[in-house]
Structure formats: C-alpha cells, structure tokens
Amino acid sequence: MLTATLSTLLGQPDASAFLLGVVSRGRYANAYLFHGPHGVGKGTAALAFARAALCERVPGAAARDEGPSLFGEASDAGPAATGNDACGECRGCRMSATLQHPDLRFLFPVSGEERTLDATIEETLEALRSDPLFVFQYERAASIRISQTRELIGELGYRPHTASRRVVVVRDCDRMREDQYSALLKSIEEPGASTLWVLTTARAARVPATIRSRCQHVRFAPLSESLVREVLQSQADVEEKEARMLAALASGSLARALSMRDADPDMKAQRDAALALLAPALEGQPAELWGAIQKLTAYGRAGRERLRLAIEFMQLWLRDALRLRFGAEPEQLVNRDRLKDLRELAARIDAHEIRRRVMVLEEALRSIDANVSPDLTLFSTLARVGGGRLGEGAWPAHPTARWQA
Ligand SMILES: [Zn+2]
C-alpha cells in the first residue's frame, strides 16, 4: 500500500507545513480539528499526522521502554530522533502503515445493521489499504456507532500500549452522538492526557461548539483544478479529455471527481445529453424541453444527481463561451472538442448575457439542494436561460406548476 506522509500531502502546503512543524517540535495539542471542503485530503492528512506522531524516530515519540515489547522486538528507535515525519521503517511506522498499530484508533461513520458492523468496518479498511484513492461514501444516516467507541472510551484512562501516546483519528466527526461528544470532551480537557485526537469534518458547524473551541484548527483548502486533473490522469488512469472535464466539475474535490467517474464512466455522453437540453430552451420550444427533461430526471433520487450534473455541464459550457469571448485559446477550454458549437454560441450572446445565464443555473443548483422537484427546477431554469422566448402562457400545463405562484 502507498502510505501518505505529511511531506507528500497533495495541494495542502499550509496544512502540511503546520503539521510538520508540530511533529518536529514534538509538542502536541490534545486535539486537532481538520476542517475544509469534502474530498480535499483531510482524512489522508489525519492518518499521515497520526503515523508521524506514532513514529519512533521523531522527537518526543521515543517508544516506552519499560518491560518487553508486546511484539517481542526491541525498540529500534534511533537515539537522536530529529525527523518531522513518519520514517516508514521503524516498528511503529510498519504497524501504522496498515492501520494495525495498537495505539492507533481510526473511527469513521458506518451504516447498516449492528450484527454486520465488524464485517463492514473490516471491508472498508481493506479497501482503504489497497486503494490510496479510496473514497469514503456514506448513506445519509451513517454515523460513528456506539459499539465502535465503547471499547475506546474504556481504554482512555489507561496508558498507551507501546507508543508514548495513543492517537485517535475520527473521520467526519460531525456524525457522532451526544454521549460520544461528552466522552471526547472529557478526554480533550484532561491535563497531561496521553491521547491525541485528530478530528476531520467538512461540516464544522455541526460539531458542537464546546468541542470546536477546544481543538487546534487546521484548515484545508479546495484543490486546484489542474492538480485534480493531474491526479486523475497519473493515479486513476483517467484519459486526458475526461480528466479535464471531471476536474472542471469537481469544485476542487478529488473525491467528488472520483465518485463522478465511478457513477458514470461515460462523462462525455452525459455532457452531450445536458447540452442537448439547451437547444430547445434557446429555441423557445417548451413542449420539447419538458419531454427531454422528464427523460433525464425520471430516476428518483439518482435523478437529482443527474440533474445537478446536467446543470453543471451547462455552466461549464457557458463558461467556455465566456472564455472564448475574452480571447481564450482552444486548449484553455474544457469542451474544446466542440469548438465549432462554442464559437457559434459565443458569437451570438454577449458576456453580460452569458453571466446572467450562469447565475440562473447557480440558483437552480441551490433549489436542488433545497429539495425543489427536479423536473420543475430544470424546466423553470431553462425557461429563464432561454430568455423571453419561453413566456409564461406558453408553458405546458402541469398539476404541480408551483413555479407560477
Ligand atoms: Zn517511523
């Protein structure tokens, strides 16, 4: 398995420098909160930080030497530890690389029945060990379960097994229960505690303020579009053209790009379907537009995701047209394989109008989040994108035509 280290974190220079500094000084706060958008490397960084904190060759991390080692090996920590990152070679690093260090606890949200929980957790860990780009995906109700923390909470009062500290990494810590937060809080507040908590969240506002205020915060930024593209191409075998499109749609989240690829490997077909919807809107043909939309969104929950993607494709399309109007070269365009169509569009509408349409689409994305019916959202959106040609009187009758209210 490819084990990430603090020195090799992708696209997070500030967080990486800060954490390397903590490790090299060997002075740790009781708890850290890694926050920032979904899918930018917080979880990877949290495990890398944990491994560095458990490495036997970094300052302040000398393995405890009382009694024989649990594993029957002498500690191989060097006498003068000076590193600032996991060495990858010592006993601690070898165990933490596979998440099997007795002083490393890794908690993450799970869903499903209690009796299959152990298997679910083991499967997830196995997938994580074998795929460095593994994406955690949760059901809505997924949470850090009581059965996952019961044993840990019992252990908190005792000394770590082999290292000088115990490290508990809690992924998406906004999915915990009240009593779990209380146990966490008690441990964080204990002076001289031997437990280091590393919490991650993409929804910091949902973490209780009592916890937030007692953690050292480490901010993670969205990744650059070019970095996402590069990783997709070099590590996930995605072709250049598709990688460009996924990166443009991913809003700086590698996880989002990867899950879009997994959801539908044929991004180009989806894009073309989305763009095909723009035509009847622009030509002022409501009935045709309505029919096309219903085909696109007739898939229940998945329909909502498809719709979101369709709107994002339309935005990319308009952004390309805007770039063209400002003299961009074809290689700077996401949809450069459709250069002729883009040029036609760019010649027909001015920059102000393009921006207006991008904004209308932006509003539509917000309505989708607010659970407005997908087909209605898309119809009213495209009617507005199409401009005056789709007047109210011409809209198809629909029993739930709430947009007219
Ligand atoms: Zn090491």
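A crossing of two helices is called right-handed if the near helix is turned clockwise from the far one by less than a right angle, and left-handed if it is turned anticlockwise. Keep that in mind for the first stop. The model on screen is a predicted one.

**Stop 1: two helices, H8 and H9**

Select residues 225-235, which form helix H8, and residues 240-249, which form helix H9. Their axes lie 8 Å apart, and the helices pack at an angle of about 140°. H8 is therefore oblique to H9; an angle has to be over 145 degrees to count as roughly antiparallel. In which hand does H8 pass H9? The crossing is right-handed.

Now show the side chains where the two helices touch. On H8, pick Glu 225, Val 228, Arg 229, Leu 232 and Gln 233. On H9, pick Glu 240, Ala 243, Arg 244, Leu 246, Ala 247 and Ala 248. Coloured by class, the contact of H8 with H9 shows 6 nonpolar, 1 polar and 4 charged residues.

**Stop 2: the loop between H8 and H9**

Go to Asp 237, in the loop between H8 and H9. The phi angle of Asp 237 is near 55°, a positive value in a residue other than glycine. Is Asp 237 buried or exposed? With a relative accessible area of 72%, Asp 237 is exposed, because the class begins over 50%.

**Stop 3: another aspartate with positive phi**

Next select Asp 172, in the loop between strand E3 (166-170) and helix H6 (178-189). Phi of Asp 172 is near 50°, again a positive value in a residue that is not glycine. Asp 172 has a relative accessible area of 12% and is buried, since buried means under 20%.

**Stop 4: salt bridges**

How many salt bridges does the count give? It comes to 26. Three of these pairs can be visited in turn.

- Select Glu 122 and Arg 129. Their side chains meet in a salt bridge, 3.3 Å from N to O. Glu 122 is partly exposed, at 40% relative accessible area, whereas Arg 129 is buried, at 13%.
- Select Arg 177 and Asp 179. They form a salt bridge whose closest N and O atoms are 3.1 Å apart. Arg 177 counts as partly exposed at 48% relative accessibility, and Asp 179 counts as partly exposed at 39%.
- Select Glu 353 and Arg 356. The closest N and O atoms of this salt bridge are 2.9 Å apart. Both residues lie in helix H15 (residues 351-369), 3 residues apart, which is about one turn of the helix. Glu 353 is buried, with a relative accessible area of 19%; Arg 356 is partly exposed, with 29%.

Salt bridges can also share partners. Select Lys 268, Arg 271, Asp 272, Asp 337, Arg 338 and Asp 341 together: shared partners join them into one network.

**Stop 5: Arg 357 in H15**

Return to helix H15 and select Arg 357. Is Arg 357 buried or exposed? Arg 357 is buried, with a relative accessible area of 7%.

Arg 319 and Arg 357 are 38 residues apart along the chain, and their C-alpha atoms are separated by 9.9 Å. The tour ends here.

Key. Residues are numbered from 1 along each chain as its sequence is written. This is a predicted model: local features need pLDDT of at least 70, side-chain atom pairs count only at pLDDT 80 or more; totals for chains, interfaces and linings use all residues. Side-chain values use heavy atoms; hydrogens and water are left out. Axes are lines fitted to C-alpha atoms, for helices over the stretch in contact, and angles run from 0 to 180 degrees between N-to-C directions. Helices (H or I, at least four residues) and strands (E, at least two) are DSSP runs, numbered from the N terminus. Angles under 35 degrees count as roughly parallel, over 145 as roughly antiparallel, 65 to 115 as roughly perpendicular and the rest as oblique. Contact means heavy atoms within 4.5 Å. Ala, Val, Leu, Ile, Met, Phe, Trp, Tyr, Cys and Pro count as nonpolar, Asp, Glu, Lys and Arg as charged, and the others, Gly among them, as polar. A salt bridge is a side-chain nitrogen of Lys or Arg within 4 Å of a carboxyl oxygen of Asp or Glu. Buried means under 20% relative accessible area, exposed over 50%, partly exposed in between (1.4 Å probe, protein chains only).
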